[in-house]
Amino acid sequence: MSEEVRSAAPSQATVDPPAVQDSATSPRPAVGNLLKTGAGRNLGLVVALVLLCVVGVVTAGDTFATGANVLTILRLAAVIGVVSIGMTFVITGGGIDLSVGAMVALASVWATTLATQQLANDFGWFFMVSTALLVGAACGLVNGLLVAYGKVVPFIATLAMLAGARGLAEIISDRRTQIVSNNSFVDFFGGSLIGVPVLVWIFLLVAAVGWVVLNRTTFGRRTFAVGGNAEAARLAGIKVQRHTVALYVLAGLCCGIAAVMLMARTTTGSSTHGQLYELDAIAAVVIGGTLLSGGRGTIVGTVFGVLIFTTLNNVFTLNNLSISAQSVAKGLIIVIAVLLQQRLASRTTSS
């Protein structure tokens, strides 16, 4: 009987410690688990935006905390926000687009030529809008074909489009600013609806449609699959090349919409429009929680990322800080966001 007890004791000793260890280590920190979820990341962005607004109120006072300034921030965020929605799809699908700013410029120039505006005066301002959308979609199509079927690295393909589209915009406009002469176009897109600028409503509409497409449709699920593992997506029956082309066309279409909005805001079409939009869009997407490596994307996060950067610029401007200081701040924020993404990704992998 004593031998049975002695033989049972070691077995009990070998079983209990792991059970105690599991119970001690299984509950992970609540904050860490929260940050791994989309809701947790969005909550962090909301907190960051609120803190930035507090800084604006403290440093700029009543100048920042006015309804007019809030509408200014939203109006400025609208254009780059639409571009960032398109960039979210491309990056989620495993690509990148450095040509969005140049596509905005080319679309704005093409839609404000004398011939296009004359047709708009004869048949309605929708002719200018359709021209901008077609130009943006066509540029996106070229990018998609080069990446998907030409096997050109997205960085190189879109860099070539950046140079080509900007150069073509300069040739068409002869490096001159083209004035929008169609008053009905300016009145519609430059107006307001229940006190909110039409440009902001367009941004909200594009963001809502983008969220539905990315999260509630087969196209969105395929985007996640292609960005996560293109080869596995191909073996699962997804036409990866065709889908990649569609993603770049979608980004180009968003650039066409942004060009229309920029034309309405500035009443001009210019080859200088959209400069550095690619950097601002990528920054907003990364801050929002979309992985640069693809496979995970969030429209809501991108919207908050755009608002954070636009509010940051507004705070810096109201405090008479230089553009160089703004660029340094943006760079630091981007680096911090990427480091946090990598840290959370490594924790998720290890768990």
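Which residues do ring pairs link into a cluster? A few friendly notes follow.

1. Ring pairs join Trp125, Phe185, Phe188 and Phe189 into a cluster. Rings of Phe, Tyr and Trp (its six-membered ring) pair if their centres lie within 6.5 Å; planes under 30 degrees apart are stacked, over 60 edge-to-face, and the rest tilted.

2. This is a predicted model, in which local features need pLDDT of at least 70, side-chain atom pairs count only at pLDDT 80 or more, and totals for chains, interfaces and linings use all residues. Residues are numbered from 1 along each chain as its sequence is written, and side-chain values use heavy atoms, leaving out hydrogens and water.

3. The structure holds five aromatic pairs. One of them, Phe89 with Phe219, is tilted, at 6.4 Å centre to centre and 45° between the planes. Phe89 belongs to helix 4 (residues 67-92) and Phe219 to helix 11 (residues 218-228), so this pair ties together parts 130 residues apart in sequence. Helices here are DSSP runs (H or I, at least four residues), numbered from the N terminus.

4. Phe89 is buried at 2% relative accessibility, while Phe219 is partly exposed at 26%. Buried means under 20% relative accessible area, exposed over 50%, and partly exposed in between (1.4 Å probe, protein chains only).

5. Phe185 and Phe189 have ring centres 4.9 Å apart and planes at 45°, so their pair is tilted. Both lie in helix 9 (residues 183-189), four residues apart, about one turn of the helix. Both Phe185 and Phe189 are buried.

6. Of the protein's 351 residues, 44% count as buried.

Conventions:
Helix = DSSP H or I, 4+ residues; strand = E, 2+ residues; numbered from the N terminus.
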